[in-house]
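Please read these points with the model open beside you.

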Amino acid sequence: MVEGSRIMITASRYHDFSAGHKVTGHENKCAHLHGHNYRVHFTIQSKAGVDEIGRVLDFAAIKTRLCEWLEENWDHRFLIYKDDPTSAVLVEHFPNDMVLTPFNPTAENMARHLVETVAPIQLRDTWCQLTCCVVEETRKCKATFFV
């Protein structure tokens with residue numbers, strides 16, 4: 001090992017879910033109501049190295065804490081920015097299907113929200129932090145947020 005270098009170990013897991021969204025202010029097709037089969041990659045880093053059996057965090061715990069959050073909150077729902085002009089009408093007609101977000105639901109903002117807002121709550125009683133989140137809208141288009 002080179003003097004002064006830092007070794008880092010992570011654990012990653014991905015999860016697929018389907019959801020609709022509308023990108024407020026988009027200049028092309030994404031301004032319309034549409035949806036994706038998303039794939040979200042979670043990368044976890046331990047603040048304390050690995051546990052006694054050599055894991056950053058058990059993969060099942062990543063599933064329980066982060067993947068299941070996606071299932072319960074965003075899967076088969078419609079994400080719309082709370083300030084979008086159409087949000088009130090959509091919520092009125094489809095109250096159980098809409099998720100009002102405090103951000104414009106781009107892949108970039110979704111990844112950031114998962115890292116900065118969701119993960120600190122879901123991982124609060126672990127020694128881990130979500131350091132990277134990749135949100136794929138399609139197999140060709142993805143956004144990455146990392147700390």
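1. Does His 76 count as buried or exposed? With 60% relative accessibility, His 76 counts as exposed, where exposed means over 50% relative accessible area, buried under 20% and partly exposed in between (1.4 Å probe, protein chains only). His 76 sits in the loop between helix 1 and strand 3 (78–81). Its phi is near 55°, a positive value in a residue other than glycine.

2. A note on the basis of the values. This is a predicted model, in which local features need pLDDT of at least 70 and side-chain atom pairs count only at pLDDT 80 or more, while totals for chains, interfaces and linings use all residues. Residues are numbered from 1 along each chain as its sequence is written, and side-chain values use heavy atoms, with hydrogens and water left out.

3. The chain contains three helices and six strands. Helices (H or I, at least four residues) and strands (E, at least two) are DSSP runs, numbered from the N terminus. Read from the N terminus, the order of elements is β-β-α-β-α-β-α-β-β.

4. On overall dimensions, the C-alpha atoms fill a box of roughly 55 × 30 × 25 Å along the principal axes. The accessible surface of the chain is about 8,800 Å², with 53% of it belonging to carbon and sulfur atoms; such areas come from the Shrake-Rupley method with a 1.4 Å probe, and for residues only the protein chains shown count as cover. Of the 147 residues in the chain, 41% are buried. Among contacts with a separation of 6 or more, 63% are between residues 24 or more positions apart, contact meaning heavy atoms within 4.5 Å.

5. Two packed helices are described by the angle between their axes and the distance between the axes. For helix 1 (residues 59–73) and helix 3 (residues 107–122), the axes come within 9 Å and cross at roughly 120°. The axes are lines fitted to C-alpha atoms, for helices over the stretch in contact, and angles run from 0 to 180 degrees between N-to-C directions. The two helices are therefore oblique to each other; angles under 35 degrees count as roughly parallel, over 145 as roughly antiparallel, 65 to 115 as roughly perpendicular and the rest as oblique.

6. Which residues make the contact between helix 1 and helix 3? Helix 1 supplies Arg 65, Leu 66, Trp 69 and Leu 70, and helix 3 supplies Leu 114, Val 118, Ala 119 and Gln 122. By class, this contact has six nonpolar, one polar and one charged residues. Here Ala, Val, Leu, Ile, Met, Phe, Trp, Tyr, Cys and Pro count as nonpolar, Asp, Glu, Lys and Arg as charged, and the others, Gly among them, as polar.

7. Met 110 also belongs to helix 3 and counts as buried because its relative accessibility is 0%. Apart from neighbours within four places in sequence, Met 110 contacts Phe 17, Tyr 38, Trp 74, Leu 79, Phe 103, Pro 105 and Val 135. Met 110 and Phe 17 are 93 residues apart along the chain, with 13 Å between their C-alpha atoms.

8. Asn 104 lies in the loop between strand 4 (98–101) and helix 3. Neighbours within four places aside, Asn 104 is in contact with Lys 22, Val 23, Thr 24, Tyr 81 and Asn 109.

9. Leu 90, in helix 2 (residues 87–93), counts as buried at 13% relative accessibility. Not counting residues up to four places away in sequence, Leu 90 touches Leu 33, Phe 78, Ile 80, Pro 95 and Met 98.
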